[in-house]
Amino acid sequence: MSQDNHAPKAVTIIVNARPHTWEAKEITYEEVVNLAYPGQQPNDQDTYTVRYSRGHDGHGAGSLTAGHSVRVKKEMVFDVYRTSRS
């Protein structure tokens, strides 16, 4: 039997200290925010800062901004901070 190398393998990523199963090769800023704050619609009052660590070589740590994505790796860690303007 040959393995299908085109289908990404599900990995566990950590978002705000909670494990999530992720099946795509990449994850977007918007997807990370949705995992961190499920069901909360983005609005003009809230700003989200996404930082990651334990990523791929050369991109082991950094920030993820709106409209961008990053390749995921098993046990990659994402920290999402929400700042509300009052």
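Mentor: Let us begin with a definition: a salt bridge is a side-chain nitrogen of Lys or Arg within 4 Å of a carboxyl oxygen of Asp or Glu. The model is predicted, so local features need pLDDT of at least 70 and side-chain atom pairs count only at pLDDT 80 or more, while totals for chains, interfaces and linings use all residues. Residues are numbered from 1 along each chain as its sequence is written, and side-chain values use heavy atoms, with hydrogens and water left out.

Trainee: Which side chain of opposite charge is nearest to Asp46?

Mentor: Lys and Arg count as positive and Asp and Glu as negative, whereas His and the chain ends are not counted. Asp46 is buried, a word that means under 20% relative accessible area, with exposed meaning over 50% and partly exposed in between (1.4 Å probe, protein chains only). Asp46 has no salt bridge, and the nearest side chain of opposite charge lies 4.4 Å away: Arg82.

Trainee: Which side chain has a polar contact with that of Asp46?

Mentor: A polar contact is a pair of N or O atoms within 3.5 Å; within protein, one must be able to donate a hydrogen and the other to accept it, and residues adjacent in sequence count only if both atoms are side-chain atoms. Contact in general means heavy atoms within 4.5 Å, and, leaving aside neighbours within four places in sequence, Asp46 has contacts with Arg82, Thr83 and Ser84. The polar contact of Asp46, at 2.6 Å, is with the side chain of Ser84.

Trainee: In what order do the strands form the open sheet, and what is the average twist?

Mentor: Two strands pair if DSSP finds at least two bridges between them. Five strands form the open sheet, with mixed pairing, in the order β2-β1-β7-β4-β5. The edges are β2 (18-22) and β5 (62-64), each with a single partner strand, so one side of each has no neighbour in the sheet. From one strand to the next, the twist averages 30°.

Trainee: How many bridges join β4 to β5, and how many pair β4 with β7?

Mentor: The β4 and β5 strands run antiparallel and are joined by three bridges, with Tyr52 opposite Gly62 in β5. On β7, Thr83 is the bridge partner of Thr47, and Val77 stands opposite Ser53. The pairing of β4 with β7 (residues 77-84) is also antiparallel, and its bridges number eight.

Trainee: Which residue in the turn between β1 and β2 has a positive phi?

Mentor: The β1 and β2 strands pair in the antiparallel sense over five bridges, and Ile13 stands opposite His20 in β2. They form a hairpin with two residues between them. The residue in the turn with a positive phi, about 50°, is Asn16.

Trainee: Is Val11 buried or exposed?

Mentor: Val11 is in strand β1 (residues 11-15). Beyond its neighbours within four places in sequence, its contacts include Trp22 and Val72. The C-alpha atoms of Val11 and Lys74 are separated by 5.1 Å, although the two are 63 residues apart along the chain. With a relative accessible area of 15%, Val11 is buried.

Trainee: With which residue does Glu75 form a salt bridge?

Mentor: By the rule given at the outset, the count comes to one salt bridge. Its closest N and O atoms are 3.5 Å apart, and the partner of Glu75 is Arg54. The pair links distant parts of the chain, 21 residues apart: Glu75 lies in the loop between β6 (69-71) and β7, and in the loop between β4 and β5 lies Arg54.

Terms used. Helix = DSSP H or I, 4+ residues; strand = E, 2+ residues; numbered from the N terminus. Axes fitted to C-alpha atoms, helices over the stretch in contact; angles between N-to-C directions.
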